[in-house]
Amino acid sequence: MERITTAIIGGGASGLFLATALSADGKTRLFERGERLGRKLSATGNGQGNITNLAVTSARYFSIEASGAKRASEIVRRYDGEALRTYFAALGVVLSADERGRVYPASKQASAITDALRFCVENRGVDVRLSTLVTALEQAQGGFILTVKSADGESERIFAKRVVLCAGGKAAKNFGTDGSAYALATGLGHSVTPLYPSLVQLKTDTTYTKTLKGIRVNDGKLTVIISGGERVEFTGDVIFTDYGISGDAVFRASAFIAEQIPSGKVSATLDFLPNVTEADVLSALRQKQAAFPKLPKSELLFGIVNNQVGRAVMKRAEGDLQRAAALVKAFPLELKGSLGFDYAQVTKGGIPLSETTEDLESRFAKGLYFTGEILDVDGQCGGFNLQWAYSSAMLVADALNNER
Ligand SMILES: Cc1cc2nc3c(=O)[nH]c(=O)nc-3n(C[C@H](O)[C@H](O)[C@H](O)COP(=O)(O)OP(=O)(O)OC[C@H]3O[C@@H](n4cnc5c(N)ncnc54)[C@H](O)[C@@H]3O)c2cc1C
């Protein structure tokens, strides 16, 4: 049986970061089931590659297990946004931040990040096996045996002294992440928390919003009310769709409520005009009614909000001006669910951090490490998930390099 030192399972964001940071020993092999490295990475940030965020040091991470988010934040503080920027500078990639602190390659091409990592991996002599699926992982004397299946259907068993599982979660299966890789860890004694889609479009009752399909509310304020009364506000674009709502405010909100959505214990309201008070909307409505007494009530909100929104609001308010003004400021959106894992950018939940050591090494199988989204860590929208991929990979790279 062929013997290698380190097997990296998954050539996505964290697998690539790791492969670039491991000491070159000529015995590291990276297995990627897809035909190309970093396919998801090249699609991030709408193809622009939102790689990190200037506000990365604050608590931007979630976990299902209570202690996980704190540990993740500590790891991110240790290998922080500045470290990531320095890392890319060394690869000749110039990064720049937008007005909201989101950091992108200056070229605004996510593929530039993938290319830089790919070149670096090649330079370090990492043996990359594309179209190769790792189907099984067993513990063996002094290491692990991997069963790998190549595109031609041939299966092969390989011994690796150490294995790093960088295989991602269950979100966006078209990029190779269908959740099947969790089994590689559960087979070695690990558990997986309940999993939820995060950074995803939300389904709502569409009784009052059917006519609004395609309308974008620029800089609306979406308020989510989580069971127990906690309110969280998100200002940004909200786009009405045939199933509910999309847009950056919706994606950001979904990370906070992913767990509660299935139980129906969360509700939301949309403020169409965050910078105008309810009293001012009401006064404008009354003024217009006085000036144009023949104007149908359904048209009184014209010039105040989008015409179609105005009609929908007035219909819901049944022509009552006071109620219409209140609805402009807090239009209830009954949440029914999300579009699910296939449309989500990130998985909430995964392998609990408590099942790993300080170095993200398995507590059950010595020599097995984890990076990235397969762990029970998810970040807010805005570059925090790729930062986690980087930070967790650098931590494991340091641990492995020190072990030699
Ligand atoms: C459309 C989209 C846009 C996004 N935009 C952003 C953004 O702008 N900023 C941000 O921070 N985050 C973004 N994310 C999230 C971010 O891309 C992920 O959190 C990150 O890529 C996770 O890195 P990872 O290495 O853990 O897993 P992945 O990058 O998902 O890589 C896992 C890899 O493992 C491979 N694999 C899985 N199982 C096996 C197996 N058994 N054998 C061999 N290979 C296997 C998969 O094919 C895949 O290539 C986005 C996600 C999506 C889907």
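Is A160 buried or exposed? A160 is buried, with a relative accessible area of 0%, where buried means under 20% relative accessible area, exposed means over 50%, and partly exposed lies in between, using a 1.4 Å probe and protein chains only. The model is a predicted one, in which local features need pLDDT of at least 70 and side-chain atom pairs count only at pLDDT 80 or more, while totals for chains, interfaces and linings use all residues. Residues are numbered from 1 along each chain as its sequence is written, and side-chain values use heavy atoms, with hydrogens and water left out.

**Around A160**

- A160 belongs to strand 10, residues 155-165, and here helices (H or I, at least four residues) and strands (E, at least two) are DSSP runs, numbered from the N terminus.
- Apart from its neighbours within four places in sequence, A160 is in contact with I4, T5, A7, G143, F144 and L146, contact meaning heavy atoms within 4.5 Å.
- Although A160 and I51 are 109 residues apart along the chain, the distance to look for in the model is the one between their C-alpha atoms, which is 31 Å.

**The ligand and its shell**

- The ligand is surrounded by 32 residues, of which the closest are S14, E32, K40, E373 and L386; a residue is near a molecule if one of its heavy atoms lies within 4 Å of it.
- The shell around the ligand divides into 14 nonpolar, 14 polar and 4 charged residues, where Ala, Val, Leu, Ile, Met, Phe, Trp, Tyr, Cys and Pro count as nonpolar, Asp, Glu, Lys and Arg as charged, and the others, Gly among them, as polar.
- Helix 1 (13-21), strand 8 (132-140) and helix 10 (384-403) each supply at least two residues of this shell.
- An N or O atom in the side chain of E32 is 2.7 Å from an oxygen atom of the ligand, and a polar backbone atom of N50 is 2.9 Å from a nitrogen atom of the ligand.

**Cysteines**

- The whole structure contains 0 disulfides, a disulfide being a pair of cysteine sulfur atoms within 2.5 Å.
- C166 is in no disulfide, and the nearest cysteine sulfur, that of C120, is 15 Å away.
- C166 is buried, with a relative accessible area of 5%, whereas C381 is partly exposed at 24%.

**Positive phi angles**

- K108, which is not a glycine, has a positive phi of about 55°, and K108 is partly exposed at 35% relative accessibility.
- L360, also not a glycine, has a positive phi of about 65°, and L360 is buried at 0% relative accessibility.

Technical notes:
A polar contact is a pair of N or O atoms within 3.5 Å; within protein, one must be able to donate a hydrogen and the other to accept it, and residues adjacent in sequence count only if both atoms are side-chain atoms.
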